[in-house]
Amino acid sequence: MITLTIDNQTIAVEEGSTILTAAQKLGINIPTLCYLKDINVIGACRICLVEVQGARTLVPACVAPVAEGMVVRTATPEVIQTRKLILELILSDHPMECLTCVRNKNCELQDLAEEFGIKEIRFEGEKTGYPLDTSSPAIQRDPRKCVLCRRCVAVCANVQTVKALTAENRGFNSLIAPAFNENLANMECVQCGQCSLVCPTAAIQEKDDTDKVWAALADPTKHVIVQTAPAVRVQIGELIGGEPGEITTGRMVAGLRRLGFDKVFDTNFSADLTIMEEGNELLERINKGGTLPMITSCSPGWIKFIEHFYPDLLAHLSTCKSPQQMFGALAKTYYAQKIDINPSDIVSVSIMPCTAKKYECTRPEMFSSGYQDVDVVLTTRELGRMFKQARFDLSNLPDEQYDAPLGIGTGAGQIFGTSGGVTEAALRTLSEVVSGKTLDDINFKAVRGLAGVKEATVKVGDLDVKVAITNGLGNARNVLDKIRTGEADYHFIEVMCCPGGCIGGGGAPISCDPAICSKRCDAMYSEDERMELRKSHLNPAVQELYRDFLEKPLGHKSHELLHTHYTP
Ligand code: HC0
């Protein structure tokens, strides 16, 4: 152990600790901007400078290791003046658009400027003024707002192992961008939006599509329907006066109805449907010697990842479309017929904690109704903006129910939004359907939790089904490498692109705090437990869909509308 003094308080910490982590243990709050625990620890921004007795200069606390007998001061006049100077230099090349910026009041740079009492910028001069990159359907880059912290570079490279962003040029001309300053749309960017979650400013954000939805809602000739993803109901409260992990399902439904949507539906419905199709596909592959392990296909960032980096393994993907896209295809066929409306008059909106879903709905495979199956995707953050513009407050909204039939979902569909949820939902159904017996305990706790890779073996009838669950693309990469070397003897692998699954999706409320993800995860299982029906095969609306329209899982219509193939 190393003993040191920080602001006159003595502490013993493990060798290799940094001054920043030692200070945090003492409750001393050193400001940071580029630092991202375990992901980006590079001392780039210098906001965390502190004074170390005997050192020739101030040192960056996030990367400086502790030493025996070290004496640190974190808030001397020199430290504070230097931090202010650094902030002024950053702001001297920053567009002063705070009032009109999407991150106004939710910007780490703005918070620091306020905290340090920056009243004017003494340095007026040249601006880099790099142009916007709006090439991607999901994510938009504004390098003018970039503070060169490199958090996006680190999360893309170290967590997602995609490496779509890098540092270009040097000195004043430095730029964080795809290599050779290419457009994002031309890169192997998987559109997951994890960069937008960690960006301290609005240099990277989702493409805002709220105007399209306001326009549809204002058009009396359109029947505007909305589906909400499983995870949104445990996130949206954070944006309109609620607490992390607060379950807001009924109030969110009420809010959507008040915005003017004609019908408020639930992606949980099509998540249940996915279990029927994907579960049968797995059984068929096991019984008929199809490609195993079968890997889930509902997370569009993940699909783009395997297409770019492991095209040789595409046959392992389930042919099922994602629940969002199954819903979209059925909305403009089954539902349109049911209510006798021309599908061209339906505007199908989905609310997702995901930026990649914006890209997914534009893929050429996603027009199987004869129209674009899902017209507009909004992230949870964009819905939060719409609710704010309508001046909704969670506490003022009543609890309301989703509309039938596409709003009827089970707890199994609900847990899709957290890592392990798809697997648990599949196991609940497969175990009962194959054995013909009712499960005593439907909680498959071995597949739950936020670990990056989980494994379990579960009895399904007479078969020991071996499953693996990964979240975050770096973890998926490790499992894919095992498939390539023949070491992955699983039957089924669940892959979710984002850390934690959709609860940590790139369209979620901005947060870098894993504790918040954990609260959202707990809320997903509480919501599951609260629900009357918790197994996908017992969803009466799904049963009715098969009876009246699809006929059977993996049938002709299912193949037309609910399945697809991916090619390298
Ligand atoms: Fe997800 Fe989904 S669980 S990807 O994270 O499978 O975005 O919440 O809606 O489609 O259902 C996101 C969340 C979904 C889909 C579902 C899946």
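**Entry 1: helix H7**

Which residues are buried in helix H7 (residues 249-259)? I looked them up and found Thr249, Arg251, Met252, Val253, Ala254, Gly255 and Leu256. For "buried" I used 20 or more other C-beta atoms within 10 Å of a residue's own, for "exposed" 12 or fewer, and for "partly exposed" anything in between, with C-beta atoms placed from the backbone. Helices (H or I, at least four residues) and strands (E, at least two) are DSSP runs, numbered from the N terminus.

I then asked what covers the buried residues of H7. The cover includes E10, E11, helix H12 (380-389) and helix H16 (514-530). Contact here puts the C-beta atoms of two residues, placed from the backbone, within 7 Å. After H7 comes glycine 260, and its phi is positive, near 115°.

**Entry 2: what kind of model this is**

A note to myself before going on: this is a predicted model, where local features need pLDDT of at least 70 and side-chain atom pairs count only at pLDDT 80 or more, while totals for chains, interfaces and linings use all residues. Residues are numbered from 1 along each chain as its sequence is written.

The protein chain has a mean pLDDT (the predictor's confidence in each residue, from 0 to 100) of 96, and 100% of its residues reach 70 or more. The scores of the model are ipTM 0.92 and pTM 0.96.

**Entry 3: the parallel sheet**

I traced an open sheet of four strands in the order E11-E10-E13-E14, and its pairing is parallel. Two strands pair if DSSP finds at least two bridges between them. Strand E11 (263-266) and strand E14 (376-379) are the edge strands, each pairing on one side only. On average, neighbouring strands of this sheet are turned by 25° against each other, direction ignored. Axes are lines fitted to C-alpha atoms, for helices over the stretch in contact, and angles run from 0 to 180 degrees between N-to-C directions.

Next I went through the strand pairs:
- E10 and E11 are parallel and share four bridges; threonine 228 has aspartate 266 in E11 as its bridge partner.
- E10 and E13 also run parallel, joined by six bridges; isoleucine 225 has serine 348 in E13 as its bridge partner.
- Strand E13 (residues 346-352) pairs with E14 in the parallel sense over four bridges, and isoleucine 351 stands opposite leucine 378 in E14.

H8 touches strand E10 (223-228), E11 and E13, and its direction makes about 35° with that of E11. H10 touches E10 and E13, with its direction at about 155° to that of E13.

How many residues of E10 are buried? I found six of its six. His223, Ile225 and Gln227 are buried on one side, and Val224, Val226 and Thr228 are buried on the other, so that both faces are covered.

**Entry 4: around the ligand**

I counted 20 residues surrounding the ligand, and the closest are Ala229, Ala231, Cys298, Cys354 and Cys502. A residue is near a molecule or strand if its C-beta atom, placed from the backbone, lies within 6 Å of it. Helix H8 (267-288) and helix H10 (323-338) each give the shell at least two residues. By type, the shell has twelve nonpolar residues, seven polar and one charged. Here Ala, Val, Leu, Ile, Met, Phe, Trp, Tyr, Cys and Pro count as nonpolar, Asp, Glu, Lys and Arg as charged, and the others, Gly among them, as polar.

**Entry 5: the mixed sheet**

I found five strands in another open sheet, ordered E2-E1-E5-E3-E4 with mixed pairing. Strand E2 (9-13) and strand E4 (59-60) each have a single partner strand, so one side of each has no neighbour in the sheet. Strand E1 (residues 2-6) and strand E5 (residues 71-73) are parallel over two bridges, with threonine 5 facing its bridge partner valine 71 in E5. Helix H2 (residues 77-92) lies across strand E3 (49-52) and E5, at about 155° to E3.

Leucine 554 has a positive phi of about 65° although it is not a glycine. I placed leucine 554 in the loop between helix H17 (540-550) and helix H18 (556-561). Neighbours within four places in sequence aside, leucine 554 contacts Glu277, Asn280, Glu281 and Glu284.

I also noted a cis peptide bond between leucine 292 and proline 293, with omega about -5°.
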